[in-house]
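Visitor: I would like to learn how to read pockets, cavities and helix contacts in a model of this kind. Could we take them one at a time?

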Amino acid sequence: MLQFETQLKKLKHEVLVEVVKLARENNITKKELDKIPNKIIKGDKAIYRCCVYKEREVVAERARIALDLDPNGENKKVDTEKINIKDGEQIIYVLEAACDSCPINDFTVTDLCRGCLAHRCKEACKFGAISYINGRAYIDQDKCKSCGACKKACQYDAISEMVRPCKSVCPTGALDINKETSKAIIHEEKCVNCGACMSACPFGAISDRSLIAPVARLLEKKEKNIYAVVAPAITGQVPAIITYGQVKNAIKSLGFKDMYEAACGADAVTVHEANEFVERMEDGANIMTNSCCPGFVSYIDVMFPDMADKISHTVSPMIATGRYIKNVDPDSVVVFIGPCTAKKKEAFRKDVVGAIDYVLTFEEMMALFEGFGIELAKCQNEDTDGASIFGRGFGAAGGLTKAIENYIADKGVDVDFKPVKVSGGKEAKKVLTLSKVNKAGGNFIEGMMCEGGCINGAGKFISMPKAKPAFDKKNSQSSIKTVLSNETLSEYEDIDLERKL
């Protein structure tokens with residue numbers, strides 16, 4: 001029995017499970033789609049919104065995004081094999097029915113206002129936005145520029161600052177508010193699809209596109225060799241009593257021919273990226289950034305485009321592992337499973353397209369298990385010792401740096417490696433800004449858009465505080481204690497590990 005940390009996770013899971021069932025039956029039509037809200041929201045009493053009709057519309061919207069289906073289209077079967085993501089397409093969407101239209105006034109005067117004589121808040125405002133009504137301060141929102149000077153000046157802390165959760169976490173300013181409807185909107189040209197807004201919204205009003213339907217259908221048909229590539233963070237996404245080997249068995253029980261650790265690809269990436277770093281330093285470069293986090297790569301492209309040439313040309317572990325599988329089995333279908341919404345876009349970027357066919361999140365993986373009737377606790381334990389503890393460590397912030405340091409020391413590479421590790425939008429902005437004036441404090445920037453690294457990705461099933469202990473424990477059990485002692489590295493020697501720029 002799955003345990004859900006929030007009602008939102010439970011609701012999303014239930015929708016995805018229904019989608020899996022429809023895909024398995026090859027029965028995805030508008031008529032069947034319209035049945036999902038009533039299956040999930042039963043009765044006439046609302047549980048978490050104003051009314052059941054609102055709740056059902058939210059569920060319907062979630063189902064439409066999960067199926068990539070036009071809700072007003074004809075009532076014909078959807079060809080799941082045509083559902084996929086194209087380069088440049090948006091991954092993160094606002095569910096209008098679910099958006100609560102939170103208040104958009106950044107600064108407001110609270111009941112703590114004492115109506116003092118000093119009027120320091122009014123004196124601090126340079127825009128004439130503050131006046132006094134019945135002896136108390138009042139902010140004219142049409143004149144307010146949200147500078148915060150009034151809040152700083154008030155000695156009673158009577159002025160509050162209200163920032164919508166979704167907007168406050170967006171690293172690029174892509175999340176905005178429609179002034180007429182007060183609903184959230186996303187400026188796609190700025191969005192890096194990191195999913196931070198999706199994680200932050202307490203109403204579940206932001207969701208990611210799903211490819212769970214075509215994957216479920218392919219697994220049901222059993223006509224192709226389908227391989228799963230799992231991110232290192234997967235070990236923290238199942239109960240502590242479940243072994244890594246049981247996860248592998250469960251994935252194979254879905255119909256996957258085999259499961260590969262992206263952590264093995266991470267070992268290969270470590271070697272390639274470390275060597276690339278050495279070459280760049282020898283050529284006179286002063287700094288290089290990593291390329292394994294697609295959100296961070298997109299963040300540089302959007303916010304610091306003049307630093308794009310500093311990004312490593314090495315592919316991510318996901319792409320490296322996908323290319324390895326395609327080299328072994330050219331006709332295979334490769335599905336990446338991880339915590340990252342940005343990976344859904346990375347897989348189809350022009351510089352790496354072809355290695356990965358579909359991307360699912362851990363939330364979607366759990367829905368597949370239930371939709372196919374697979375219980376993790378009943379699965380057998382299989383051998384999963386295919387990557388080093390450093391490759392598996394990529395799932396946490398600073399993991400790549402540790403892996404490169406291990407490789408440099410083990411290989412005896414003579415290079416001045418001075419890493420700067422950042423995770424989260426605020427840290428990334430600070431360090432990249434400093435790097436433009438050569439004050440970053442190092443010559444290698446390891447950036448992760450999610451605070452804490454991949455284990456805190458938007459598509460996680462279990463939150464980071466609960467996932468981290470299991471992640472650390474299970475990943476440390478690898479018998480491969482150094483990057484270079486991973487014998488599989490020899491099989492990656494003929495694999496192209498460069499992005500096709």
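Guide: On a 1 Å grid over the protein atoms alone, a pocket is an open set of points with protein on both sides within 12 Å along at least five of seven lines, a cavity is a set where a 1.4 Å probe fits but cannot get out, and lining residues have an atom within 4 Å of a point. Points are joined across faces, edges and corners, and a volume is the space filled by probe spheres set on them. This is a predicted model, in which local features need pLDDT of at least 70 and side-chain atom pairs count only at pLDDT 80 or more, while totals for chains, interfaces and linings use all residues. Residues are numbered from 1 along each chain as its sequence is written, and side-chain values use heavy atoms, with hydrogens and water left out.

Visitor: How much space lies in the second largest pocket, and which residues lie nearest its centre?

Guide: The second largest pocket holds about 470 Å³, and among its 21 lining residues Val-169, Cys-170, Ala-196, Gly-425 and Glu-451 lie nearest the centre. Two or more lining residues come from each of helix 7 (165-169), helix 8 (196-200) and helix 18 (425-435), where helices are DSSP runs of H or I with at least four residues, numbered from the N terminus.

Visitor: How many cavities of 30 Å³ or more are there, and what lines the largest cavity?

Guide: The count is seven cavities of 30 Å³ or more, and the largest cavity has a volume of about 310 Å³. Its lining has 26 residues, with Cys-292, Pro-294, Cys-340, Lys-343 and Cys-454 nearest the centre. Helix 11, helix 12 (294-303) and helix 13 (317-328) are the elements that give two or more residues to this lining.

Visitor: At what angle do helix 11 and helix 17 pack?

Guide: Axes are lines fitted to C-alpha atoms, for helices over the stretch in contact, and angles run from 0 to 180 degrees between N-to-C directions. Angles under 35 degrees count as roughly parallel, over 145 as roughly antiparallel, 65 to 115 as roughly perpendicular and the rest as oblique. Helix 11 (residues 262-282) and helix 17 (residues 399-411) pack at about 75°, with axes 9 Å apart, and are therefore roughly perpendicular to each other. In their contact (heavy atoms within 4.5 Å), Thr-270, Val-271, Glu-273, Ala-274 and Asn-275 of helix 11 meet Leu-400, Ala-403, Ile-404 and Tyr-407 of helix 17.
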